[in-house]
Amino acid sequence: MWSTGGRRWDVLDSGISISINNVTLFPNMAFGLNGRKLLVLSLEWKPYSVKIRNTDNISYTGIADEFMEHLSRRFNFSYQYVEPQDGQWGEKMDNGSWTGIVGALQREEADICSVPYAYNVERAKVMQFTYFMHSGFTTVLYKKSEDAKKTWKVLLACFKWEVYFAGGIVLSAVGLMHVFLIRVTPYPSKVPAAEKKDSVVTGFTMTIMAPLGQSSEHSPMFDSGRMLFSFWWLFCLIMAAIYRGNLMAFLTVSRTDIPFRNLEELANQDVYDVGATTGSYYSLAIQTSNQTVMKKLWRKIEKTRLDSPKNTDDEYQFQLQKLHEGYYAFIETNSVAENIMSDTCSFAKMRGGFLPTTGGMTFPVYSPLARLFYPELMTVWETGLERKWYGKWVPPQESCSDESVAVGVSALQIQDYYSALAACVVGIGTALLVLLGETYVFEIIPRCATKR
């Protein structure tokens with residue numbers, strides 16, 4: 001055994017039953033890494049890695065730092081955060097070398113990277129992975145936008161066009177049915193033909209006035225017509241009630257326009273720009289995919305990167321700025337998307353996810369630390385510590401409904417009346433055109449004829 005005076009023989013155990021294990025044979029194992037300082041690579045990737053600014057030293061907090069704190073206590077070491085010189089996550093160069101964090105691990109300039117990296121065959125050639133500390137999927141984040149129908153088409157948007165089309169057919173059918181009943185229904189000879197003809201016109205008028213909620217001083221002449229219009233009025237009452245309910249909902253409840261529901265719709269639209277973090281797993285997966293949809297997405301991402309900064313920190317701020325400006329689709333992991341959405345109610349994410357993945361700490365190739373930390377990282381995951389830390393750094397998103405919406409009432413804005421004002425303008429314009437036509441027919445033409 002080693003002692004201050006040099007190596008010497010010592011008794012490891014004695015007695016009837018002798019128990020010898022690795023700690024007995026190698027006492028230094030009980031001291032872990034003996035206070036060794038490890039260099040830990042990191043870049044900001046919320047909520048796993050949150051950079052502490054306005055400090056002289058490079059410092060990070062977040063879920064990844066919770067892992068590092070736990071491991072440092074368990075294996076007796078200290079650590080110091082460092083950043084890659086180029087400030088990038090890592091992309092493969094033409095000569096086979098890598099930039100960013102991946103390149104630093106390839107050159108063994110640090111001991112570990114605390115930010116979880118997703119496994120990739122190309123990455124696995126230059127750095128070593130351990131048990132995962134992050135599991136999730138990729139999603140698309142975008143800024144919410146109000147439904148344009150609420151502003152200009154609210155009076156027509158209460159029903160789909162198929163409902164209006166069917167309603168017009170039923171209205172015409174009821175009017176024609178009334179004409180048919182007048183013709184075939186037996187009536188006393190004392191009813192003059194003029195009154196019968198006037199009843200036809202009155203029937204069509206009542207048919208049109210019923211959906212508009214207007215009463216009429218006339219009523220059908222015969223019992224068959226009265227039965228027909230009784231059920232027609234009942235039908236119109238039901239449809240009018242549904243229309244009023246939908247109109248109230250359109251005016252009082254905000255409706256978010258969903259610009260795309262899947263990757264195919266995102267790739268085929270031209271309204272939203274598309275962005276993704278350089279060097280990320282999903283960016284690499286989209287770039288190397290042979291699927292037509294992924295190729296279209298990659299062309300959109302390349303177009304956005306022409307204006308994007310090269311530094312990872314600046315690029316992230318650029319992505320957030322574009323996201324706040326609107327009409328921008330940001331491809332990110334679900335955990336990062338939830339972290340961004342926890343601070344504001346202005347964003348929404350695409351339903352469903354794609355590219356499921358797991359990520360873990362990474363080390364230089366053949367690093368003994370990967371094998372040393374593996375069992376402890378697995379224990380952290382299985383005991384639920386990772387979920388506890390995740391809940392600490394990603395609090396549940398609070399309700400985005402204000403007090404007025406919570407009680408079922410929302411204040412109406414001037415733009416909510418645009419459609420009604422437009423209907424009034426159309427009505428006034430139509431009345432003026434009819435007035436001009438009547439003036440021309442009944443005044444101007446007779447005057448001209450008299451002068452001749």
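How many aromatic pairs does a search of the whole structure find? The search finds 22, where rings of Phe, Tyr and Trp (its six-membered ring) pair if their centres lie within 6.5 Å.

This is a predicted model, in which local features need pLDDT of at least 70, side-chain atom pairs count only at pLDDT 80 or more, and totals for chains, interfaces and linings use all residues. Residues are numbered from 1 along each chain as its sequence is written, and side-chain values use heavy atoms, with hydrogens and water left out.

Select Trp 89 and Tyr 117. Their rings are edge-to-face, 6.1 Å centre to centre with 70° between the planes; planes under 30 degrees apart count as stacked, over 60 as edge-to-face and the rest as tilted. Trp 89 is in the loop between strand E6 (77–82) and helix H3 (100–106), and Tyr 117, 28 residues apart from it, is in strand E7 (residues 112–118); helices (H or I, at least four residues) and strands (E, at least two) are DSSP runs, numbered from the N terminus. Trp 89 has 7% relative accessibility and so counts as buried (under 20% relative accessible area, 1.4 Å probe, protein chains only). Tyr 117, at 3%, is also buried.

Next, select Tyr 272 and Tyr 327. The ring centres are 5.4 Å apart and the planes at 55°, so this pair is tilted. Tyr 272 is buried, with a relative accessible area of 6%.

Finally, select Tyr 60, Phe 75, Phe 77, Tyr 79, Tyr 81, Phe 363 and Phe 373. Ring pairs link these residues into a cluster.

Key:
Buried < 20%, exposed > 50% of the residue type's maximum accessible area, 1.4 Å probe, protein only.
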